[in-house]
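Please read the following briefing alongside the sequence and the coordinates.

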Amino acid sequence: MNRLAQLLAAAAMTLVGTSAFAQSLAVRDAKITRIDGRRAQLTVKLGKTGAGQEQGAVKVFWVSGANRREIYSGTGRFDGTAVGFSNAIEVEAGGDNGTFEVVVPTTDSRRAVQFAGAEASFDNARIEQIVGGNPNRRVFLVLKNAGPGTATGCRVAGTLAENGAPRSFAYNVPNLPPRAKYEKAIPYNFRASNNAAHNKVTATITCPSDPVPTNNAQNTTLR
């Protein structure tokens with residue numbers, strides 16, 4: 001076999017090998033990890049049969065009703081770990097409500113991720129001293145909506161420890177328009193304590209539709 005024939009044979013083997021690996025890639029998991037208006041970050045985990053590293057084409061489609069259009073095309077990687085390799089993909093939603101569909105074209109493996117259009121989460125809490133007051137402090141739990149749609153039906157529940165046993169609180173959140181914030185004051189009496197379980201406020205926000213459920217907790221040390 002002459003040199004040219006050898007090179008052509010080697011190239012053919014490389015193409016076959018790459019195609020075979022690419023055809024084993026699959027979408028193991030996909031979720032929204034950040035929202036800023038209609039911009040979203042998807043964390044996509046790819047898997048494949050066999051060991052070793054591999055990469056292949058990944059596409060993302062925006063689906064709303066009967067409409068479906070491609071909004072991202074790139075290369076995803078897999079590094080051989082049990083849970084797959086996390087690929088961060090930046091996309092823009094085509095509306096306030098719809099679905100991101102993550103697809104590996106070579107295997108037609110896909111995963112749908114709901115985009116609800118509202119993303120309520122906690123911002124930094126504020127503590128205010130009430131001079132001569134009883135109670136002598138109040139903590140403001142600050143909620144924000146980073147999504148493009150109005151957050152509706154949200155509720156906050158939590159506990160506040162005032163140098164002793166925690167007490168529960170809960171309240172409904174009014175409709176929160178895009179980019180809006182809402183503050184709620186929780187009064188308390190501050191007394192210094194060496195017990196780490198004292199002088200704490202913890203809270204959780206729940207909404208009927210929440211595309212990013214991993215940032216709904218608040219844990220603040222009172223002072």
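Among contacts in the protein chain between residues at least 6 apart in sequence, 62% join residues at least 24 apart, where contact means heavy atoms within 4.5 Å. This is a predicted model, in which local features need pLDDT of at least 70 and side-chain atom pairs count only at pLDDT 80 or more, whereas totals for chains, interfaces and linings use all residues. Residues are numbered from 1 along each chain as its sequence is written, and side-chain values use heavy atoms, with hydrogens and water left out.

**The chain as a whole**

- The protein chain has one helix and 15 strands; helices (H or I, at least four residues) and strands (E, at least two) are DSSP runs, numbered from the N terminus.
- Of the 223 residues in the protein chain, 39% count as buried, a class that means under 20% relative accessible area, with exposed set at over 50% and partly exposed in between (1.4 Å probe, protein chains only).

- Four strands make up an open sheet in the order 4-3-6-7, and their pairing is antiparallel; two strands pair if DSSP finds at least two bridges between them.
- Strand 4 (67-78) and strand 7 (109-115) are the edge strands, each with a single partner strand, so one side of each is left without a neighbour in the sheet.
- From one strand to the next, the twist in this sheet averages 20°, with axes taken as lines fitted to C-alpha atoms (for helices over the stretch in contact) and angles running from 0 to 180 degrees between N-to-C directions.
- Within this sheet, strand 3 (residues 54-64) pairs with strand 6 (residues 98-104) in the antiparallel sense over five bridges, and Phe61 stands opposite Glu101 in strand 6.
- Asp108 is found in the loop between strand 6 and strand 7, where its phi is near 60°, a positive value in a residue other than glycine; Asp108 is partly exposed, with a relative accessible area of 47%.

**The hairpin of strand 1 and strand 2**

- Strand 1 (residues 26-36) and strand 2 (residues 39-47) run antiparallel and are joined by nine bridges, and the bridge partner of Val27 in strand 2 is Leu46.
- Two residues lie between the strands of this hairpin, in which Gly37 takes a positive phi near 70°.
- Lys31 belongs to strand 1 and is partly exposed, with a relative accessible area of 39%.
- Not counting residues up to four places away in sequence, Lys31 touches Gln41, Leu42, Thr43 and Val113; from C-alpha to C-alpha, Lys31 and Leu42 are 5.6 Å apart in space, although they are eleven residues apart in sequence.

**The sheet with order 12-11-14-15**

- Another open sheet has four strands in the order 12-11-14-15, again with antiparallel pairing.
- At its edges stand strand 12 (166-172) and strand 15 (217-221), each of which has a single partner strand, so one side of each is left without a neighbour in the sheet.
- The twist here averages 15° from one strand to the next.
- Strand 11 (residues 155-161) and strand 12 run antiparallel and are joined by seven bridges, with Val156 standing opposite Tyr171 in strand 12.

**The disulfide**

- One disulfide is counted, a disulfide being a pair of cysteine sulfur atoms within 2.5 Å; Cys154 is joined to Cys207, with an S to S distance of 2.2 Å.
- The pair links distant parts of the chain, 53 residues apart, with Cys154 in the loop between strand 10 and strand 11 and Cys207 in the loop between strand 14 (200-206) and strand 15.
- The link of Cys154 and Cys207 is right-handed, with 110° about the S-S bond, and both cysteines are buried.

**Backbone features in other loops**

- Asn134 and Pro135 are joined by a cis peptide bond with omega of about 10°, and Pro135 is found in the loop between strand 9 (126-129) and strand 10 (137-145).
- Arg179, in the loop between strand 12 and strand 13 (181-188), has a positive phi of about 70° although it is not a glycine; Arg179 is exposed, with a relative accessible area of 55%.
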